[in-house]
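Me: I am new to this structure and would like to learn how to read it, one feature at a time. Could you give me the general idea before each case?

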Amino acid sequence: MDHKERREDAYNQQSMDEQRFEALEREYERQQSVKQHVCAVCSNTCFFDTAKPTRPGQVYSEAGIRELSISGLCEHCFDEITRPPDEDDDE
Ligand SMILES: [Zn+2]
């Protein structure tokens, strides 16, 4: 590795850290905006988490945050309601 490559490596490392920080900031903003809501169906205080399977009150995507502010449903309940009833059938 020559000097030029090493400098670029250090630069990439720095921008990686910045991206991680921005991701954490976005994550925090999501948490704050979601926590202001209580789901109209399951009555849980909403929280942002990308883990699966989803739990009542959970919102896991940007679309879910928008849906929550429009309909007042957490993404977990929204999925339950909008899922076709025969989705798991093997016919
Ligand atoms: Zn819910």
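Reply: Let us begin with exposure: a residue counts as buried if 20 or more other C-beta atoms lie within 10 Å of its own, as exposed if 12 or fewer do, and as partly exposed in between. Please keep in mind throughout that this is a predicted model.

Me: Is Ser43 buried or exposed?

Reply: Ser43 has 11 other C-beta atoms within 10 Å, and therefore it is exposed. Ser43 is found in the loop between helix 1 (3–35) and strand 1, and it has a positive phi of about 60° although it is not a glycine.

Me: Where is His37 found, and how many other C-beta atoms lie within 10 Å of it?

Reply: His37 is also a residue of the loop between helix 1 and strand 1, and because 19 other C-beta atoms lie within 10 Å, it is partly exposed. Not counting residues up to four places away in sequence, His37 touches Cys46, Leu68 and Gly72.

Me: Is Asn12 buried or exposed?

Reply: Asn12, whose place is in helix 1, is exposed because it has 10 other C-beta atoms within 10 Å. The C-alpha atoms of Asn12 and Glu80 are separated by 42 Å, and these two residues are 68 residues apart along the chain.

Me: Which residues make up the largest nonpolar core?

Reply: A nonpolar core is a set of buried nonpolar residues joined through their C-beta atoms. The largest one here has 10 residues, namely Val34, Cys39, Cys46, Phe48, Val59, Leu68, Leu73, Cys74, Cys77 and Phe78. Leaving aside neighbours within four places in sequence, Val59 is in contact with Val34, Cys46, Phe48, Gly64, Ile65, Leu68, Cys74 and Glu75. For the chain of 91 residues, 18% count as buried.

Me: Which residues of helix 3 are buried, and what covers them?

Reply: In helix 3 (residues 75–82), the buried residues are Glu75, His76, Cys77 and Phe78. The elements that cover the buried residues of helix 3 include strand 2 and helix 2 (62–71).

Me: Which residues does a cis peptide bond join?

Reply: Lys52 and Pro53 are joined by a cis peptide bond, with omega at about -5°. Pro53 is found in the loop between strand 1 (47–48) and strand 2 (58–59).

Me: Which elements of the chain have the lowest and the highest mean pLDDT?

Reply: Helix 1 has the lowest mean pLDDT among the elements of the chain, at 86, whereas strand 2 has the highest, at 98. Over the chain the average pLDDT is 89, and 91% of the residues score at least 70.

Note on methods. Residues numbered from 1 in each chain as written. Predicted model: local features only at pLDDT ≥ 70, side-chain atom pairs only at ≥ 80, totals over all residues. Helix = DSSP H or I, 4+ residues; strand = E, 2+ residues; numbered from the N terminus. Contact = placed C-beta atoms within 7 Å. Core = buried A, V, L, I, M, F, W, Y, C linked by C-beta atoms within 7 Å. pLDDT = per-residue confidence, 0-100.
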